[in-house]
Amino acid sequence: MLIYTPGPTEVPPRVLRRMARPITNPDLDPAFAKSYELTQGKLRRLMKTKNDVLIMSGEGLLGLEAAVASLVARGQKVLTVTNGVFGDGFVDFVKMYGGIPVAVRGPYDRPVDPESVAAALDADREIEVATFVHCETPSGVLNPLREVAAACRKRGVMLIADAVSSLGGTPVETDSWGVDVCLGGSQKCLSAPPGLALVSVSERAWGVVRRRGPRVPAYYASLWQWEEWWNKKRLFPYTPSVSDIAALDEALDIALEEGLPRAFERHRRVSKLILSGCRGMGLVPYPKRDDYHSPTVTAVRRPAQVPEARLLRLMEERHGVMIAGSWGKLSGKVLRLGNMGYNARPRQARRAMLALERALSELGFRENEA
Ligand SMILES: Cc1ncc(COP(=O)(O)O)c(C=O)c1O
């Protein structure tokens, strides 16, 4: 089976072999803390930051929740910029932790307009924190992180940016763009297994966390616990996932050995290949324009006459390829191919497209019927 979903992806054999090595007790073995620091250093290079980076046990979503739980106080206004499922999820997290979301909403099929973010910040000077999603994976749209970060920086607003499905596949310049909390996941463009949230924290964000201290209403999702344990004592707030971190370390080695510019170019090329292949099959891309597409995920509209469940099952059972539908408002409407990390290679992409084309044809779909 080729897993061609927008995370998890196929995992390179090198990463799988590394995971199979014997483990240690990470709370007792001082060598583990040293190796964790080395992995942090590699992650800093990937995220383009000198800030602290944390590797939390839990999926990408844990990073989003930890950022909101740790930085948003009860009654505090937060600019929640949203044009998709994960942007809407930030609104829910802000409400859950007692904050007041001030939403800038845009259509799902195109990127957020940075001017609308600047205008919303100018209209309400009480806002000190903003949330933003770089790549909206469920709709395949890449949002203008650099421009939105500039609008926040100019106004002294702290930015929490979800780069879960863009990090490693397209540029994310945490420090030079001015992202306070940058969030990644292990199972997207790094092609490590799912299980880790990657979180960079600026000095300004640590300042807020330290001021709030035990008032952060969480334990597992609290950055303050990391301040108390890891930053102060080089101990962990909970037992780290040793094998997942080893896998991440190997995946980071692979990414850094290739070099980020080459990896970005590879994602761009494969994304174009898939987009034109999908068009050739008669499928209609979900993002309104080609330059709206994230180079890490391709989203197309499900043809009305093709039942999604049957298509996905046919692809898996007869053609050995797994692709994905979508979530939230897009559930049942959009099909997605995850050209991320190890999967962003022409051979894998062609195999996924061939399976899609055959399954569509077996279900009676013809090119001019989309
Ligand atoms: C943009 C984005 N943010 C957050 C997440 C949550 O990550 P996870 O599924 O690892 O919890 C995802 C997962 O698809 C995502 O695509």
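I count a residue as near a molecule or strand if its C-beta atom, placed from the backbone, lies within 6 Å of it. The model is predicted: local features need pLDDT of at least 70, side-chain atom pairs count only at pLDDT 80 or more, and totals for chains, interfaces and linings use all residues. Residues are numbered from 1 along each chain as its sequence is written.

**Ligand shell.** I looked up the 14 residues around the ligand, among which Glu59, Gly60, Leu61, Thr137 and Val164 come nearest. Helix H3 (residues 60-71) contributes the most to this shell, with three residues; helices (H or I, at least four residues) and strands (E, at least two) are DSSP runs numbered from the N terminus. By class I noted seven nonpolar, five polar and two charged residues in the shell. Ala, Val, Leu, Ile, Met, Phe, Trp, Tyr, Cys and Pro count as nonpolar, Asp, Glu, Lys and Arg as charged, and the others, Gly among them, as polar.

**Domains.** I found the chain divided into domain 1 (14-256) and domain 2 (259-369), with bounds from an automatic or database domain assignment. The contact between them takes 24 residues from domain 1 and 25 residues from domain 2, two residues being in contact if their C-beta atoms, placed from the backbone, lie within 7 Å.

**Gly325.** I located Gly325 in the loop between strand S12 (321-322) and strand S13 (334-337). The C-alpha atoms of Gly325 and Gln40 are separated by 34 Å.
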